[in-house]
Amino acid sequence: MPFKSFMDTLLENTSKPSFCKSLTLGESWKSKSMRIIPEEFVTSTPGAFEHRVVFSVRWGNSWQLWLKRDKKGLFMEEEDWNEFVDDNFLGPHDVLFVTHEDTMNLEVRIYKNYIHLMKEIISPPVEADPEAELLNPIPQNSHQETPASTSASASASASGARQGCVPVINPEQYLVNPKSPYFVKTLTKKIDVLYVKQPVIDKYGLKFGPHKSTMYYLIGKEKHEALTKIYCNGRNFCFSGWAAICRKYKLGEGDTVVCELERSGGVVTAVRVHFVNE
């Protein structure tokens, strides 16, 4: 079934405000045109979208995407959108079906093309689907997945981060406890909170305290109190106070830190921050 007919069928079979996205000739998923939220969708959900949206997929993961408006319409921030694209390995034959669920919450269904048969993806994509690539060869200049060893570098380039800051070689060397869960964070323009991404949560089986429960940033011998925050029906986890930490220690866009998570009773209670751009 042609993309347009398939997307028309999706839109006809829902009563909720919805829209579809697929690539046209000359576009990639990281083109600015792919970041726009259709104006008719915005007007059909009055007051729902002012500053951000949350994309949720069928297997429970979610992404927060901040919004900005210019004279051409309402756009998702480039950095947030590119992260969603990379995390889901979107390719040239994919279709996104986006449905308004509640206030700023949107459900996103991802479909891939198998010899003109559109198949919905209902589990986390780990890498490019070899079967899909065989049936639908990707042109040389189209978007391709970034290997794990270079994904941090690509992300930094997209966000304007200074080159040479990432990837961090052997981040485990910074850990106080070699068995601690950790993640590497390269700062972007947004430093309001420190997010813990779903792959990190899944990898270590992380658990968090209640919404607005106390946690701490540990930097050297200093201890800074902050709060655990939980959003989107318990699927998004972050820590407040990150902006204050960045200001105090003069961390800016492009700087990289290793965040070592400390737990008590299995619950994350502190983030030990290690500077790597000294």
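**Before starting.** I'm working with a predicted model.

**Helix H3.** I went to residues 78–87, which make up H3. Which residues of H3 are buried? I found Asp-80, Trp-81, Asn-82, Phe-84 and Val-85. I reminded myself that an α-helix has 3.6 residues a turn, so residues three or four places apart point the same way. Then I looked at what comes after the helix: Phe-89 follows H3 and has a positive phi, near 45°.

**Strands E12 and E13.** Next I turned to E12 (residues 213–219) and E13 (residues 222–231). They run antiparallel, and I noted 7 bridges joining them.

**On to E14.** E13 also pairs with E14 (residues 236–239), again antiparallel, over 4 bridges. Across from Ile-230 I found Phe-237 of E14.

**Cysteines.** How many disulfides are there? I got 0, with a cut-off of 2.5 Å between cysteine sulfur atoms. Cys-246 is in none, as its nearest cysteine sulfur belongs to Cys-259, 9.3 Å away. Looking from the other end, Cys-259 is in no disulfide either, and the nearest cysteine sulfur to it is that of Cys-246. Are these cysteines buried or exposed? Cys-246 counts as buried because its relative accessibility is 2%, and Cys-259 counts as buried at 0%.

How values were computed:
Residues are numbered from 1 along each chain as its sequence is written. This is a predicted model: local features need pLDDT of at least 70, side-chain atom pairs count only at pLDDT 80 or more; totals for chains, interfaces and linings use all residues. Side-chain values use heavy atoms; hydrogens and water are left out. Buried means under 20% relative accessible area, exposed over 50%, partly exposed in between (1.4 Å probe, protein chains only). Helices (H or I, at least four residues) and strands (E, at least two) are DSSP runs, numbered from the N terminus. Two strands pair if DSSP finds at least two bridges between them.
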